[in-house]
Amino acid sequence: MPSFKIDTSTAVVFVAVEPKFKVINKQTEEIAVDRETGAKMMTVGLTIADEGEANLFTVSVPETGVPDGIKLGMPVKVVGLKARDWENTFNGEKRFGIAFRAVAIVPPTAPAKG
């Protein structure tokens, strides 16, 4: 499926939910893995405010793109943020939404890579 770049260059971004591993099977506690790099995936809740509007997004990020010390309320920069629509059937019920993924999240003083 195609993905779309999201420009956050003029936005203010804060950590709303601290990073945690992305569990894809709650029964086995299996953690999602990046298909390209093999890195474990994490999710982080980000409040992104721009042009007078703020929204909370859950963003998937490879563990390698989440530096130590990322804490609740911390301002961050998002590197390589993309959105992709998804559709799936769970227990016979069709569901759909938008998934957000980034290459990394970094403190605003850190040089952005990617």
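How does the radius of gyration of the protein chain agree with that of a compact globule of 114 residues?

**Figure 1. Overall dimensions of the protein chain in a predicted model.** A compact globule of 114 residues would have a radius of gyration near 13 Å. The protein chain has 15 Å, which agrees. Its C-alpha trace spans about 45 × 30 × 25 Å along the principal axes.

**Figure 2. The strands of the protein chain.** The chain holds 10 strands and 0 helices. From the N terminus on, the order of elements is β-β-β-β-β-β-β-β-β-β. Among contacts with a separation of 6 or more, 57% join residues 24 or more positions apart.

**Figure 3. The largest nonpolar core.** This core has 18 residues. Leu-46, Val-59 and Ile-105 touch the most other members. Strands E2 (12–21), E5 (41–50) and E6 (53–62) each supply at least two residues of the core. E5 gives the largest share, 4 residues. In soluble globular proteins, nonpolar side chains tend to be buried together. Across the protein chain, buried residues make up 28% of the 114.

**Figure 4. The surroundings of Val-59.** Neighbours within four places in sequence are left aside here.

**Figure 5. Surface and charges of the protein chain.** The accessible surface comes to about 8,100 Å². Carbon and sulfur atoms account for 53% of that surface. The chain carries 14 positive and 14 negative charges.

Definitions and conventions
Residues are numbered from 1 along each chain as its sequence is written. This is a predicted model: local features need pLDDT of at least 70, side-chain atom pairs count only at pLDDT 80 or more; totals for chains, interfaces and linings use all residues. Side-chain values use heavy atoms; hydrogens and water are left out. A nonpolar core is a set of buried Ala, Val, Leu, Ile, Met, Phe, Trp, Tyr and Cys residues joined through side-chain atoms within 4.5 Å. Buried means under 20% relative accessible area, exposed over 50%, partly exposed in between (1.4 Å probe, protein chains only). Contact means heavy atoms within 4.5 Å. The radius of gyration is taken over C-alpha atoms; the globule rule is 2.2 Å times the number of residues to the power 0.38. Accessible areas come from the Shrake-Rupley method with a 1.4 Å probe; for residues, only the protein chains shown count as cover. Lys and Arg count as positive and Asp and Glu as negative; His and the chain ends are not counted. The place of a charge is taken as NZ of Lys, CZ of Arg, CG of Asp or CD of Glu.
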